[in-house]
Every structure is written in structure tokens, then in C-alpha cells.
Amino acid sequence: MAQLTGKTALVTGSTSGIGMGIAKALAAQGANIILNGFGDAAAIQTERAQIAKDNGVDVLFDGADMTKADQIEALFTNAQSKLGGVDILVNNAGVQHVSPIEEFPPEKWDLIIGLNLTSAFHTTRLAFPGMKAKKWGRIVNIASAHALVASPFKSAYVAAKHGLLGFTRTIALEGATSGITCNAICPGYVKTPLVEKQIPDTAKARGMTEEQVIRDVILAAQPTKQFVTVEQVAALATFLCSDAAAQINGAPLSIDGGWVAE
Ligand code: NAD
């Protein structure tokens, strides 16, 4: 039997990139899945049906905007009535904006703090009672190398990810005697739409070509000179949901080719 059979996993921001990879990996271990995020409705439905068929699990889609507390609450009501609650919570939805501080748009600051940090507060407070009642829960926060170190021109993102790591440590302590773990995965650069979109802005902010940004900024940060893959991050998230990881709690787990070792 797959090790997560009978569990339900909510993966926020799972219509693309890392979130979609984690949703597929958890489904492969037998978990029912709640997909979330934005995108083309028909493409999302096709993906939803395919994950269900490939793995013989229930897969729901809930398009809640994770910056809106009322929509997050409605998602949890939906999860409770259709799948019996959320056993595995992966806080993954996130956006980036790259610009010098004096030009940083305040509305981008609010969006990044709201999505990359505050949404995890709302999902966690709503998931916690059910996890405590079942004496089992896994919370995996997709932070970043930027939860541990900074880069210029990413003030909101670095602040949100550092905040998410502090939040992770707090929740780890609050769930520790209830069979709940909470950890932060800290990836380096993974080639997803989030990274592809920031290349032109980084080129502008640093006065470089896009090729120079990939070589001298992005891959320069990673001693292996390679991107991390979605599948590698998904495998780590899946491991954190296993019984073998029951004593890993409150940890920042780097998966960055050695970036923060420097
Ligand atoms: P992505 O752009 O491929 O995916 C982001 C997902 O979030 C999409 O499904 C999108 O629809 C969803 N989303 C955006 N706004 C939303 C909202 N308001 N409500 C609900 N969903 C929303 O990006 P990704 O690279 O897969 O990033 C996923 C996470 O991984 C983010 O938290 C990001 O900060 C983190 N991360 C990414 C990298 C990287 O190099 N790609 C590195 C470290 C950390």
C-alpha cells in the first residue's frame, strides 16, 4: 500500500511548477489531492482528471485566491465536506517581484507578503484543529534559499521567506506533541515560470543581458551550476510526509546545489 493512502493533501499554487510536481508526487504515494491556483480552467480540469486516473485517488480543484482569508476559509469548508479535512498542508503558492527598493511598488510588497507569508498563517490555523484531533499532520512550507540569505532587489520576497521560516519554527513547537511536523524546504533556483518571468526584470535592474543573468546571477549562486529540478523538490516534500521523517521538525531543508554553504 502506498504510504499516504487515506490522507488528504492540500497543495497551494499547484497549477504550475513546484506545486504541481509536489501534488503529483503525493498522489503517487496514495494521497487524495486538493489542487489550487490560477490558470486555464480546461487545462486544470484535464490535469486534475489525469492525476486522479494515474493514481486512483480523489483530486479536487479549488481556485481560492490565497491572498483572501474568506476564500481560504471556504476552501477548508469544501475540503472538510468532500475529503474529510486536510492532513498534509503544503504552503507553496508564491510570486516574486524584482526591483530596487526606491522603485518597489507598494502593491507588489502587499501581494508578496500576503501570498508568500500570510496565506500560510491562514491555512495553518484552519488545518491545525483537524490535525490535532487526528494526532497526525504534516505541514511543508516551500520557503527558499532566500529564507536564509538575501539578494538585492528582492526585498519583499526575502522578507516574506525569512518570515515564513520563523513561522515554520513556531508552528513546529506548537504541533510537536500532537504528531504534527512543520518544516521549510529552501530551494535554490528551479526552472519554473516564476524564475523565467524574473529574468528580464533582473536584467533591467542589473544592467545585464538575459544570458548574463542566467550565467552570472542565477547559476552563479549555485556551486553545482545547475538548476534544481521540480522532481527533486517534490521528492523531498514527499519524504517529509513519511513516517521516517516524524522527528524532522522546525527545520530549514536546503536543496540548492550548495548555495547557502558559501
Ligand atoms: P510558479 O509561478 O510556477 O507557480 C506558482 C503557483 O502559485 C501557480 O500555480 C499559481 O497559479 C499560484 N498562484 C499565484 N497567485 C496565487 C494566488 N493569489 N492564490 C493561489 N494561487 C496562486 O512558481 P514556482 O517556481 O513553482 O513557485 C512555487 C513556490 O516555490 C513559491 O512559493 C516560490 O517562492 C518557491 N520557490 C521557487 C523557486 C524557484 O526557483 N522556482 C525557488 C525557491 C522557492
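An oxygen atom of the ligand is 3.5 Å from a polar backbone atom of Gly188, in a predicted model. Two further polar contacts (N or O atoms paired within 3.5 Å) involve Tyr157 and Met66: an N or O atom in the Tyr157 side chain lies 2.6 Å from a ligand oxygen atom, and a backbone N or O atom of Met66 is 2.9 Å from a ligand nitrogen atom. The protein buries 93% of the 840 Å² that the ligand exposes when taken alone (Shrake-Rupley areas, 1.4 Å probe).

The shell around the ligand holds 30 residues, and Ser16, Asn92, Tyr157, Val190 and Thr192 come nearest (a near residue has a heavy atom within 4 Å). By class, 15 are nonpolar, 13 polar and two charged, with Gly counted as polar and Tyr as nonpolar.

Helices α1 (17–28), α5 (155–175) and α6 (193–206) each give two or more residues to this shell; α6 gives the most, three (helices are DSSP H or I runs of at least four residues). Domain 1 (8–188 + 228–255) and domain 2 (189–227) both contribute residues, so the ligand lies between them; the bounds come from an automatic or database domain assignment.

Residues are numbered from 1 along each chain as its sequence is written. Local features need pLDDT of at least 70, side-chain atom pairs count only at pLDDT 80 or more, totals for chains, interfaces and linings use all residues, and side-chain values use heavy atoms, leaving out hydrogens and water.

Technical notes:
Polar contact = N/O pair within 3.5 Å; in protein donor to acceptor, adjacent residues only side chain to side chain.
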